[in-house]
Amino acid sequence: MLQKFAKHIHTSFPFLAKSKFYIAVSGGIDSMVLVYLFQQLDYSFGLLHCNFKLRGDESEGDMHFIHDYARSHNLELRIGFFETAEIAQQNKMSIQETARLLRYNWFYEQMEEMNADFVATAHHQDDNLETFLINLSRGTGLDGLTGIPAINDKIIRPLLPFSREEIEKYALENNLKWREDSSNESDKYVRNKIRHHLVPILKELNPSFLESFQKTQEHLKEVQSLANDAKYIMYQEVVTEKQDGTVHINLDKLLQLPNYKGYLYQWLKQFGFTAWNDIYDLVNAQTGKQVFSEEFVVLKNRNFLILYRKTSSNEASFLIHKEEHQVNIPLKLSFCNVSDISVSDSNCIFVDEDLIEFPLTLRKWNEGDAFYPFGMKGKKKLSKFFKDERMSLIDKSNCWILCSNEEIIWVIGHRADDRFKVNTNTTKILKITLQ
């Protein structure tokens with residue numbers, strides 16, 4: 001195994017010879033074999049260990065075992081302590097997912113602090129198969145079936161070509177010591193159920209199942225590469241990214257594609273959507289229909305699907321004081337006194353400064369808001385004004401208003417209020433500009 005490992009490192013990870021890296025070590029057989037292999041190749045590295053405080057004395061025993069190993073082999077060791085169960089409960093997440101997030105976040109913190117290049121984990125062939133089966137059982141897309149990446153940013157996995165059987169055999173042949181994790185025997189975890197019951201059946205049906213699985217996964221990666229090429233090419237043809245951050249999908253062009261649902265899935269999956277049938281139905285839905293993820297919305301608006309980030313309905317208001325000549329958050333507005341009125345447009349208004357009361361308030365519009373549109377007689381609700389202006393739901397959700405003592409001065413970028421206009425009695429003209 002050592003020769004095979006040395007060749008694999010030379011071929012797939014040649015940069016490690018000149019890199020500063022750590023090995024994530026739990027004390028289990030996989031990570032201890034990984035440490036030993038790198039030691040045999042005379043690499044310089046440090047160790048990272050996470051104490052998740054989930055198994056009482058057993059967790060403490062793992063930590064002391066690794067501490068003793070590091071000290072006896074003169075290896076740098078850094079240990080992270082986590083109140084995993086408490087954090088999982090606070091965030092309403094599973095213990096396993098919480099531990100995974102804590103582990104990788106801590107790895108990146110340590111790399112930044114120690115100016116390191118990589119962290120190596122001991123994932124192997126069987127881990128890859130188990131992850132594939134877990135994702136398959138959850139109905140994942142192609143990304144979830146192409147396996148654990150050997151290099152993912154700064155996380156590397158040098159043992160992926162090796163099976164659990166090879167690792168165990170090597171450990172026994174070299175009289176290595178390791179710690180057994182009692183939780184690996186429990187079938188309450190999905191991964192363990194697959195490991196203990198499903199994988200043995202597959203290997204019984206085909207003794208070379210791991211090798212066959214590896215070949216199949218290589219084919220899936222090739223298919224994924226082709227799909228990614230098509231996804232990006234069609235994105236350029238069908239999708240427009242606007243300056244306001246919204247993404248517009250042209251339905252006329254989309255529906256010319258034979259597998260438009262596949263493209264929608266590939267383009268939108270990164271935004272957290274799960275109700276895919278609802279998204280596909282938007283294509284033929286009426287204008288105004290929406291589908292939500294935790295942070296984003298897809299809206300049907302005439303011949304487009306429009307993706308945009310949610311805005312909170314109770315966003316904070318912003319005060320603008322008289323001495324402020326410019327504000328940059330949440331919009332960039334400038335205020336200056338002028339002697340006369342020049343040509344105004346939707347991004348610039350002129351008001352009678354004596355008619356307004358500071359501090360002004362900048363906020364999002366609310367249902368029930370009304371104003372007196374400049375150049376018109378009478379009062380109009382903003383909702384009616386938006387409808388008359390044929391504004392989309394996105395335009396409305398992005399609309400800010402400037403107020404004086406709760407009275408609207410300006411529906412910013414759209415229309416000023418007639419009550420604050422400059423007249424023959426005005427002595428101080430205030431120019432307000434949206435930059």
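## Thr 361 and its surroundings

Setting aside neighbours up to four places away in sequence, Thr 361 makes contact (heavy atoms within 4.5 Å) with Ser 317, Phe 318, Leu 319, Ile 401, Leu 402 and Cys 403. This is a predicted model, in which local features need pLDDT of at least 70, side-chain atom pairs count only at pLDDT 80 or more, and totals for chains, interfaces and linings use all residues. Residues are numbered from 1 along each chain as its sequence is written, and side-chain values use heavy atoms, with hydrogens and water left out.

Thr 361 belongs to strand β16, residues 360–364. Strands (E, at least two residues) and helices (H or I, at least four) are DSSP runs, numbered from the N terminus. Thr 361 has 15% relative accessibility, so Thr 361 counts as buried. Buried means under 20% relative accessible area, exposed over 50%, and partly exposed in between, with a 1.4 Å probe and protein chains only.

## His 8

His 8 sits in helix α1, residues 2–12, and is buried because its relative accessible area is 17%. Not counting residues up to four places away in sequence, His 8 touches Phe 13, Pro 158, Pro 161 and Phe 162. From His 8 to Pro 161 there are 153 residues in sequence, and the C-alpha to C-alpha distance is 8.5 Å.

## Salt bridges

A salt bridge is a side-chain nitrogen of Lys or Arg within 4 Å of a carboxyl oxygen of Asp or Glu. The structure holds 27 salt bridges. One of them joins the side chains of Arg 191 and Glu 130, at 3.3 Å from N to O. Arg 191 lies in helix α8 (residues 190–205) and Glu 130 in helix α6 (residues 125–137), so this pair ties together parts that are 61 residues apart in sequence. Glu 130 is buried at 1% relative accessibility, while Arg 191 is partly exposed at 28%.

Lys 322 and Glu 353 also meet in a salt bridge, 3.8 Å from N to O. Lys 322 is in the loop between β12 (318–320) and β13 (326–327), and Glu 353 is in the loop between β15 (348–352) and β16, 31 residues apart. Lys 322 is partly exposed at 48% relative accessibility, whereas Glu 353 is buried at 9%.

Asp 354 forms a salt bridge with Lys 428, with the closest N and O atoms 3.5 Å apart. Asp 354 lies in the loop between β15 and β16 and Lys 428 in the loop between β21 (415–416) and β22 (429–434), so the pair ties together parts 74 residues apart in sequence.
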